[in-house]
Structure formats: C-alpha cells, structure tokens
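Please open the model in a viewer and keep the selection panel at hand.

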Amino acid sequence: MTKIKDIPKVDRPREKFLKKGPQALSKSDLLAIVLGSGIKGKNVQKLAQQIINKFSKTFLDVTVKDLQTVDGIGPAKALQIAAAISLVKRFYEDGQSSEITIKKSQDVLSLTYDLRDKKKEYLVCLYLDARNVLIKKEVISVGLVDKTLFHPREIFEPAFRLNASSIILVHNHPTGNPNPSKQDKSIVDRISYAGKINGIEITDFIIVAGNKHYSFFKELGDKNKNLDYVAEGVQGTLFDLLEIEKPAYEISAEKIQETYFHVPQIKKNHFQLQNRRYIGNKHKLIEWIFSILDKECEGKSFTDIFAGTGVVAAVASKHFDKIILNDFLHSNQAIYKAFFDNGKWNQEKTNIIIRDYNNINGEDLDENYFSINFGGKYFSKNSAKIIGFIRENIEKNRENLTKREYSMLISSLLYSIDKIANTVGHYDAYFKKEFVDDNFFMRPINPIEAKEVLIFREDANSFAKQIQTDIVYIDPPYNSRQYSRFYHVLETLTKWDKPELHGVALKPEPENMSDYCRVSAKDRFAELVNDINANYLVVSYNNTYESKSNSSKNKITLEEIKKILSKKGKTKVFEKDYRHFNAGNTDFNNHKEYLFVTNTKS
Ligand SMILES: C[S@@+](CC[C@H](N)C(=O)[O-])C[C@H]1O[C@@H](n2cnc3c(N)ncnc32)[C@H](O)[C@@H]1O
C-alpha cells in the first residue's frame, strides 16, 4: 500500500497545487486536499479516488449519508466534503445571475429586435423591478396592420402580478414610419395617467418602424428625470445608433464601437447557433452587416454561399422569406440541418438520449477510435472515450432517429466538444498539458425558426452557377488557413468514417481544400462573381493584407475585389474598425472589416 509519504514530494496534491496551480490537479487530488488525511491502510489519495469513482456524475448532489457509505469516511470527513460542496455551489449560484438591466432605449430595442419586421402591429411590455432589471417581457396584443387594440388593464394586470416597479412599452409601425399617430399619443396619455394612479411608472413608450424608432421618454415627463435611462424623440435605427458606416474610399474611417448582437431565441442550457468558436464568424459584425443590407438591398431570397457558422443566414431568416446556406464542410452542413431544417424532431426523445449520454462514466468504457487518437491530447482520456462512445451510439441508432434528430444529436455533440477542447478554438494544435480537464457534458442545441431553408454542401464556385436568388452574401476565407484543416476533428467526428490520422495534430488526408486560400483566389473569385445570377452581391473581406504573418496575409487585395465587382454592377464599399482572430504572431493594428455591395441591375 503506497503511503502519501512514499509519493515523490512534487506529486503530492498539496505540493503540486502550490507549484503548478489547481488546473494541474485531478478531481481526486483536489478532494484529497479537502480531506487532509487518509485512514489506516488507505492513503488520502486512494480515499479521495474512491469517492470520485463512486459519485462521479452526482458528486455535486452527494449527501453526508451517501458519503459515509464509502469505507473510511466517517461523519466528520463526510461533513467536511458536503460543506465544501455547498460553499462552492452557493458562490456559483450567486455568480449565475442572468439579470438584464435596462438603462437606455438601446437595451429595449435589442430585446425587441424581432418587432422591426413584423407585418402586424404588436404591443409588447417590459416589466422592470426597482433596479431596472427585466422581470418579464410580454406581448400584450397583436392587432391588424393599422390598429392595435388593448386596454390598460391588460398592461397593468401582469405588472401587479409580477410586482413590477416600472413598465416600458414597445409598439411597431409596419408602415415604416416611426412618427407617433394621434392614437399612439392618446394611448401614451392614458397609460401614463393609469400608471400614476396605480403607482407604476411608465418609463418609455417606443415605436419601432423598420430602421427607425421614436421614444416618448422625454414626453413621459418629469418623473423620469432621475432615471438611469436615456432616449429622446425620433432616433436612427437600432443599428445606426451603434454603427457609423462610410463609403470606404471617400471618407476615412471613423472609430466604430463594437456591438454584440442580441439573438432573441435564448433557451437556458441549450446551445445557440453562435455558441461556438469559429474563425472569421460574423457574429459580432452582424448588426453592422444588416444595417447596410437593409438600406442597400431589396428582395425575398438570400443565399449565404460560404455560410461558416450560419450566423448571417440566421439573421437573414428574419428578413427574407427564403434562405439558402452552403458550405463545403460536413460539420457545418450537419449543424445547418440541425438548426435550420424543418424536418420532424421529437425534442423530448433527443433530450432523454442526451440525458442518458450524460450519465456515462468514461472510466467504465473501453477505448474507441476517438479516444485512441484524441484522448489525452485535444480532450482528456475519459472525455474522449465518452465522445467516441456517443458518436458510435448515434450511428448504431441511426435507423431509430429521424434525419433531423440524427443531425440534432451530432450537432449537440459538436457544440459540446468545443466547450472542452484543449485548444485555442481550432484543431491545428492542442496545448501540451500534463492534465487535460475531464468535464465533458452534452447539451442540446436550440434551433432557429426559419420559413423556407435550403441547405447545400458544395464547392462555392460550382454552386454559384446554379443560384437564382435576390441577394448573395459572399464571405470566403481571406488567407491561407484552410478551414477543413483547422476543424478536422469536427469533420472526422461528423463523417465518422474513422480515417487514418497523421502528424502531431492528427489530421486525416486533405479534403475540401479551398482555392480561396491559394494564389488562385483572385481568379476563382472573379469566376464566382461572373457566374452568380443575383440582383445584389454582398461581399465581406478584411484588410489583413498588410499583416507580417504569411498565413494571415490576404489572398486578394481590396482593390482587386472592388475591380472584379465593379464589372458586375455599381459597387459601394463600407468599412468598420474591428479586432479579430490573431494566432499570436501577427501584428494587426489598423484592422478594418469591409463590406462591398454590388447592385447588378444598376
Ligand atoms: C470566412 S468563413 C465564413 C464565416 C461565416 N460568414 C460566419 O459568419 O460564420 C468561410 C467559409 O467558407 C467555407 N469555404 C471555403 N472555401 C469554400 C469553397 N470553395 N466552397 C464552399 N465553402 C467554402 C469554409 O468552410 C468557411 O466556413
């Protein structure tokens, strides 16, 4: 029996903690420190290991009584562990608060983003507590195009029920004109009067209309003076307030504040489409892109030809009737099928499957393809065993799943592994760590509601010849970094053809190598543009061309893009300051994102 003093000093939990920090310790090492000492015949590490093995998945819910079922754990030690767990839980819960505080009209607008495009009139109420924290958002009425019918009672009843201190109302004008009608003004008068009588403040009444909005904040009176909230009269769009875009070649760029796009479909413990690490994704640029699209383009159908994460298509699905997504990666296609497809899916069934997967203990599993290749490298050995087991199990049960359920499980797995991968966000390399965190947990994805969606996995240039759409969004790779190589683990996991893997990064034979990452990029881009049949071409690109790092250098210059697009139609160029992916050895200072908009009919 090894005694703790037989273990070399540096490997003892306490010494290791002090020397290398908590991340170098396994769960049982950490527990050994909490326990302090073992018992006769069983050292503290062995004791800790037994507890971890026994309660691995239920550890956080373990009771004093449960702990005492482990040989060597008496009431004192059991209490010690239970108290430590409770303490951590308490702090964790305190930090989990997902409060949304409303301080300005902008906060309101990002919570009611979807109203801008509604064809019917809506009246939405935000109920706030005394600290301006959102208690609930409620749709009070949905009316005819030019008439919204409601009674103050419908607004105040939830306010009493929710114990709200104040209310903000948001109403949309499908006509596109945000100016208040006579009816709006009389509604504001009635509601604010009722608010005074009821002791509930009406902080603001905002009318949203397409790209603009009108705030009654000032008119709602002196009562609001001391509020930590700002807005006034007619304002620019939700986007205009955040972004100032300029035609790039005429005026030098102005500093533009970074914004974060609010995706309204939030479901706790589920992955949203944007919850993954992906180089070049446009999540943080989405408002800027759509502020330009809204002004410059018209149409019903939108094609995202290099769709990547699909975040651009997701927002486009709120603006256009028909969405087409294309990307040549297998993993991206599986993700689109899960998030966007309208196929049959029994959510309860997939949730139960995921719950069962989360009860699997890696230590009980044999090695598999995934753990042999990636265990102890991109993932801990146990997590890799679980991931490989789950993937195999999905395949085995494929005939019992609908196509959507199958993609939904694969995507949930892809999103879940991204959260624990021992990488900077792609799979070109992993960190050399003595100990890789062992905490795989699978969460389901939360799908997007879209009207008509078509999904393709084709080379963009072949696909371009088949497109017939109003708007095509073109966001190709900008430099020599191949997406299929960066995300090869996701590709391998999706395809599950278990290829032989090579090199330290464990990559399969190359597939889907993009010409946009090679010297031929310019010619391929010219061909693509020439072949597309659409009214508008919208191209994203950035200015990493000046970068010192070879892999970060652009394959096409901005001038070349402009020239190629101008042959197709009148082209406007917009720019925005932006910070983006930097692998560490690249010196990007004056970073800009560009959006080219070509109207092929002009
Ligand atoms: C810059 S990323 C697009 C990012 C995307 N707009 C987003 O917001 O997530 C470029 C994408 O093009 C895909 N791609 C590269 N070359 C391609 C090709 N020849 N055909 C189809 N897709 C390609 C890559 O897989 C990658 O997902």
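Select Asn542 and Glu593: their side chains are joined by a polar contact of 3.3 Å, where a polar contact is a pair of N or O atoms within 3.5 Å, and within protein one must be able to donate a hydrogen and the other to accept it, with residues adjacent in sequence counting only if both atoms are side-chain atoms. Asn542 belongs to strand β12, residues 533-542; strands (E, at least two residues) and helices (H or I, at least four) are DSSP runs numbered from the N terminus. Is Asn542 buried or exposed? Asn542 counts as buried because its relative accessibility is 0%; buried means under 20% relative accessible area, exposed over 50%, and partly exposed in between, with a 1.4 Å probe and protein chains only.

The model is predicted: local features need pLDDT of at least 70 and side-chain atom pairs count only at pLDDT 80 or more, whereas totals for chains, interfaces and linings use all residues. Residues are numbered from 1 along each chain as its sequence is written, and side-chain values use heavy atoms, with hydrogens and water left out.

Next, select strand β8, residues 301-304. Both of its faces are covered: Ser301 and Thr303 lie on one side, Phe302 and Asp304 on the other, and all are buried.

- Lys282: a polar backbone atom is 2.8 Å from a ligand oxygen atom.
- Thr309: a side-chain N or O atom is 2.6 Å from a ligand oxygen atom.
- Asp327: a side-chain N or O atom is 2.6 Å from a ligand oxygen atom.

Taken alone, the ligand exposes 600 Å², of which the protein buries 99%; accessible areas come from the Shrake-Rupley method with a 1.4 Å probe, and for residues only the protein chains shown count as cover.

Finally, select the protein chain, with its 20 helices and 14 strands. Of its 602 residues, 54% count as buried.
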